[in-house]
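This briefing covers the contact between two chains and the make-up of one of them. Definitions are given where they are needed.

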Amino acid sequence: MARYILQRFLYMIFTLFIVVSVTFFLMKLIPGTPFNNWEKLSGIQRHILLVKYGFDQPVPVQYAHYMINMLKGDLGVSFQFNNTPVTQLLADRTGPSALLGAQAMIAGAVIGILLGVVAALKQNTWVDYGATFIAVIGKSIPSFVFAGLLQFYVAVKLGWLPVMFWNGPSYTILPTIALAMFPISIAARFMRTEMVEVMASDYITLAKAKGASYWQISFKHALRNALIPVITVMGPLAVSLMTGSLVIEDIFGIPGIGDQFVKSIMTNDYPVIMGTSILFAALFVFIILVVDILYGIIDPRIRISGGKAK
Amino acid sequence: MKKSKLSLLLASTLATSMFLGACSSGSSNNSSSKNTSSAGKLADKQVINVLESAEIPNLDSVMNEDVLGSEILSQVNAGLYRLDQSGTKVIPDLAVGDPEYNADKTVLTIKLRKDAKWSNGDPVTAKDFVYAWQRGIDPKTASPYVPYMMDDKIKNATAISENKAPVSSLGIKAVDDYTLQVTLEKPLPYISSLLTFTAFYPQNQKYVEAQGANYAKDASHLLFNGPFKLTKWEGTAADQWTLEKNADYWDAKDVTLQQVNFNVVKDPQAAVNAYTAGQAEITPRLASSAIISQYQGSKDLMQYLEPSLWWLKMNENNPVLKNLNIRKAIGLAIDRKAYVNNVLANGSVEANYIVPKEFAKNPSTDKFFRDDAGTYLQTDKAQAKKLWEQGLKELGKTSVTFTFVGQDTETAKKEEAFIKDQLEKTLPGLTVNIQSVPFKIRIDREDKQDYDIIFSGWGPDYDDPMTFMDLFLTGGGQNHMSYSDPKYDQLVKAAQTTLATDPNKRWKALQDAEKVLLEDDAALAPLYQRSVNILVNPKVKGLQHNAYSDFSYEWVKVYK
């Protein structure tokens with residue numbers, strides 16, 4: 001297992017290197033500059049700014065500089081947020097996005113898995129149809145529509161919760177619900193399908209024949225096996241949730257990372273584009289590794305140890 | 001000023017930072033919230049909550065290039081002059097009275113108040129101005145905006161910003177602690193309004209140098225000398241901050257408001273929801289006509305014309321657009337009334353001019369530039385078709401295709417589709433290919449002149465028609481369409497030089513130049529002058545707005 005993780009870790013470093021390099025060169029292909037009043041500046045003033053930020057150098061040289069600084073932990077400073085170090089920006093802004101994403105993910109996974117299991121156990125009853133209906137709604141209506149509706153009815157009309165901003169736990173409830181609808185639907189659908197299949201398999205029949213109780217069969221034997229596909233899809237979904245949603249953050253006035261990432265691309269804020277890409281990519285490869293390790297814990301058949309089955 | 005702020009307001013949620021506008025006054029004063037009627041009693045709590053659509057990108061007055069940055073700076077700091085409550089008149093702030101001029105109006109002597117203080121207790125002196133101005137123009141500082149504001153205006157600014165003269169040669173001198181002497185390159189009729197701009201504000205040398213790289217990092221690394229102090233601002237990425245009344249401001253007795261709490265909201269509908277729920281008294285600008293129409297006629301809606309214009313630029317490097325009849329046809333073909341009423345539907349007005357309405361008063365008659373100027377290129381589809389066919393004949397063509405570069409926001413795309421439809425339906429044989437691109441790329445395409453027709457605009461940098469009229473000089477930095485007419489050049493240059501001290505003749509020359517540009521040459525096709533729409537709680541009165549396109553809270557009062 002340790003060797004496997006080490007090997008995977010090296011692959012992760014390599015993947016990150018590729019992502020960073022490709023992003024860097026793609027980013028340099030975007031027309032325009034990160035400077036705001038570029039069109040007003042004279043040639044000499046433009047030159048002064050380019051030299052100050054090293055943009056007068058050929059792109060490969062800039063790339064080398066960036067890579068060296070990155071290894072030293074220096075991701076540069078933002079242009080849109082006047083000279084704020086990118087590392088600080090990411091640190092400040094990742095918090096709210098990650099908290100919101102984690103809440104939505106946990107709520108989504110728990111509710112979704114429960115819905116899926118119940119639907120599978122009560123197959124073709126009104127419970128099943130109800131759960132499927134919720135799943136279809138959650139999958140087909142975008143989160144910003146839920147966000148808008150929740151904000152208008154729950155906060156503005158009923159006044160039960162704050163309309164927006166980020167001043168404490170009560171402020172996280174509406175955005176969490178809006179964000180959780182999608183993971184709920186995904187978890188519920190996968191769970192139901194898998195659960196139905198597992199419940200029909202031979203070893204469940206065997207367990208029944210051995211006289212195991214209904215609850216033991218459902219939750220000890222069936223659930224564990226049915227979780228595999230759910231975990232496969234939920235891993236990457238967790239990354240995308242925790243790295244922030246532009247629209248949800250905008251609607252609820254949350255100082256998160258999603259909005260800032262999109263804005264950095266729109267304004268050619270090179271250091272922020274790079275920093276955010278690195279963060280997203282690192283989280284992504286990390287979650288994939290975690291998912292692979294989880295497989296082994298959940299399903300002994302997938303356990304990897306030098307290729308030998310235990 | 002590039003019309004980024006307009007386009008970006010169209011862009012709503014994806015809005016990036018806005019460019020600095022003007023140093024000027026002169027905007028409309030017919031908005032509802034200007035109502036200063038004394039009816040009603042003041043509320044006990046003089047506190048308001050304001051929603052902003054973006055974070056403050058910079059609060060170092062010599063590095064800032066953003067409208068919001070300039071708005072906040074002018075609340076917490078004071079310069080020589082300030083715009084009054086109407087937003088149109090220049091009044092002394094740290095200066096005592098108007099500047100005294102020498103005979104040819106190139107040297108100004110300005111006396112300073114002796115009772116102005118920084119928030120660390122230091123007095124504000126003439127040396128603070130000299131320091132800030134020199135720091136701003138110093139190429140080592142690499143300020144993105146100060147050189148633009150000073151070049152060709154303040155003596156030696158251009159040479160210094162291009163590293164050809166020492167910083168100390170800048171045309172500003174502290175005669176004594178409370179007397180400033182400013183030397184100009186040439187007489188500037190609009191100099192006192194230019195000096196209201198935050199790029200000309202003072203800085204405390206001792207403090208700035210002691211902070212080093214931390215200067216202006218957050219609220220605790222700034223000094224204040226204006227009507228308010230900034231608190232709770234954790235830096236450029238902060239999404240909330242607060243202004244508190246500065247008891248040490250020399251004019252503190254005229255400031256009623258105790259506190260302004262700001263929060264950033266990027267989604268316009270969400271901002272309206274927060275306003276409706278009573279979480280805020282003032283919203284950011286509303287761009288969507290759907291939202292605006294809900295509030296049309298309501299006491300909450302504050303609507304006024306901004307001195308900013310949108311137009312179509314035509315690239316004369318394209319031989320077809322070099323043809324005068326073709327350009328005139330395009331200028332005449334678009335139904336601007338339908339454009340502002342049906343497509344924009346936000347109070348914007350059709351423009352048959354370049355210098356906006358309710359902008360730049362003639363100093364000798366006190367009338368706005370537009371009031372005695374003409375209108376040009378009035379929509380005339382029959383005439384457009386005739387000129388178009390004539391133009392095509394001259395070129396020996398039966399059909400042409402133009403690349404039309406516009407922006408990729410929802411509202412802008414609607415506008416572009418409308419323009420395409422109007423042009424193609426009026427001008428036979430024309431195909432318009434729309435390319436909707438993000439803001440930065442549109443600017444880049446204009447800069448590189450990579451378009452046939454481009455959707456573009458401009459807002460003022462100071463309170464004078466020159467801020468629009470010098471844009472299209474032959475070879476000018478903002479021309480970007482290869483337009484050149486010696487007649488136009490001569491009129492504008494005369495207004496800049498020989499006529500600078502004769503307001504009436506200067507005005508006439510600029511009005512004639514506008515006529516040459518539009519009526520004789522149809523160099524570009526003006527489209528509309530934009531209006532601003534925000535929601536203001538009717539209990540909040542005295543909000544000032546100005547041609548910088550920003551607001552001042554100095555005179556705000558909350559009523560019961």
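A polar contact is a pair of N or O atoms within 3.5 Å; within protein, one must be able to donate a hydrogen and the other to accept it, and residues adjacent in sequence count only if both atoms are side-chain atoms. Five residue pairs are in polar contact between chain A and chain B, both residues at pLDDT 80 or more. This is a predicted model, in which local features need pLDDT of at least 70, side-chain atom pairs count only at pLDDT 80 or more, and totals for chains, interfaces and linings use all residues. Residues are numbered from 1 along each chain as its sequence is written, and side-chain values use heavy atoms, with hydrogens and water left out.

**Interface**
- The side of chain A that touches chain B has 22 nonpolar residues (Ala, Val, Leu, Ile, Met, Phe, Trp, Tyr, Cys and Pro), eight charged (Asp, Glu, Lys and Arg) and 13 polar (the others, Gly among them).
- Contact (heavy atoms within 4.5 Å) links 43 residues of chain A with 52 of chain B.
- Three salt bridges (a side-chain nitrogen of Lys or Arg within 4 Å of a carboxyl oxygen of Asp or Glu) cross the interface.
- One of them pairs Lys263(A) with Glu55(B), with 3.4 Å between the closest N and O atoms.

**Chain A**

Methods
Chains lettered and ligands numbered in written order.
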